[in-house]
Amino acid sequence: MADAVAECRAALGGAADDEERFRLTDELGSSHQQFGELLARCAADEDEALLAEALSQTEQAVAVFTGLGPAARHDRTGAQLTAARLAADLGRLAEATAHARAVLTAYDDAQTPGDDATAPAPGDDLTAARRADASRLLRLLEERAGK
């Protein structure tokens with residue numbers, strides 16, 4: 001996976017136009033996300049170093065997707081939810097909370113959609129699912145912090 005990330009970075013330097021640059025940047029974010037998920041699956045619960053590397057890769061995916069703007073909102077929030085869970089597994093409750101809150105913030109316009117092109121379409125199940133996951137995770141984090 002590290003090779004895939006490196007290849008994406010190298011290809012970005014030779015992008016011919018904005019469309020290709022967007023596609024390659026999206027691929028780079030996806031590669032970081034997949035790398036993080038792979039590391040997380042391979043890590044035993046007590047393997048903090050591997051979980052920390054999984055979190056790092058996932059946070060890099062968040063950063064890449066953030067750079068793509070509203071068009072990558074679902075990709076970004078998916079990575080943020082993964083980062084929140086990994087941070088929670090590492091006992092980094094404040095970091096986990098920040099990631100989960102960022103998901104809710106990303107979909108603030110989902111409650112009152114307007115003419116904004118980035119607002120979710122009516123019946124956008126992924127938006128509803130991401131908001132529900134983030135809310136559920138925040139409740140769990142609050143419970144953990146209260147103990």
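Select helix H3 (residues 48-67) and helix H4 (residues 73-89), where H3 passes H4 in a left-handed crossing, meaning that the near helix is turned anticlockwise from the far one by less than a right angle. Helices here are DSSP runs of H or I with at least four residues, numbered from the N terminus. This is a predicted model, in which local features need pLDDT of at least 70 and side-chain atom pairs count only at pLDDT 80 or more, while totals for chains, interfaces and linings use all residues. Residues are numbered from 1 along each chain as its sequence is written, and side-chain values use heavy atoms, without hydrogens and water.

Stay with this pair: the axes, which are lines fitted to C-alpha atoms over the stretch in contact, come within 9 Å and cross at roughly 155°. H3 and H4 are therefore roughly antiparallel, a term for angles over 145 degrees between N-to-C directions, on a scale from 0 to 180.

Next, show the side chains of H3 that meet H4, among them Leu51, Leu55, Val62 and Phe65, and their counterparts in H4, including Arg76, Ala79, Ala83 and Leu86; contact means heavy atoms within 4.5 Å.

Now move to Thr25 in helix H2 (residues 18-42), which is buried at a relative accessible area of 16%, the limit for buried being under 20% with a 1.4 Å probe and protein chains only. Leaving aside residues up to four places away in sequence, Thr25 touches Leu12, Val64 and Leu68.

Finally, colour the chain by pLDDT, the predictor's confidence in each residue from 0 to 100, and select residues 112-120, where pLDDT stays under 50.

Technical notes. Helices (H or I, at least four residues) and strands (E, at least two) are DSSP runs, numbered from the N terminus. Angles under 35 degrees count as roughly parallel, over 145 as roughly antiparallel, 65 to 115 as roughly perpendicular and the rest as oblique. Buried means under 20% relative accessible area, exposed over 50%, partly exposed in between (1.4 Å probe, protein chains only).
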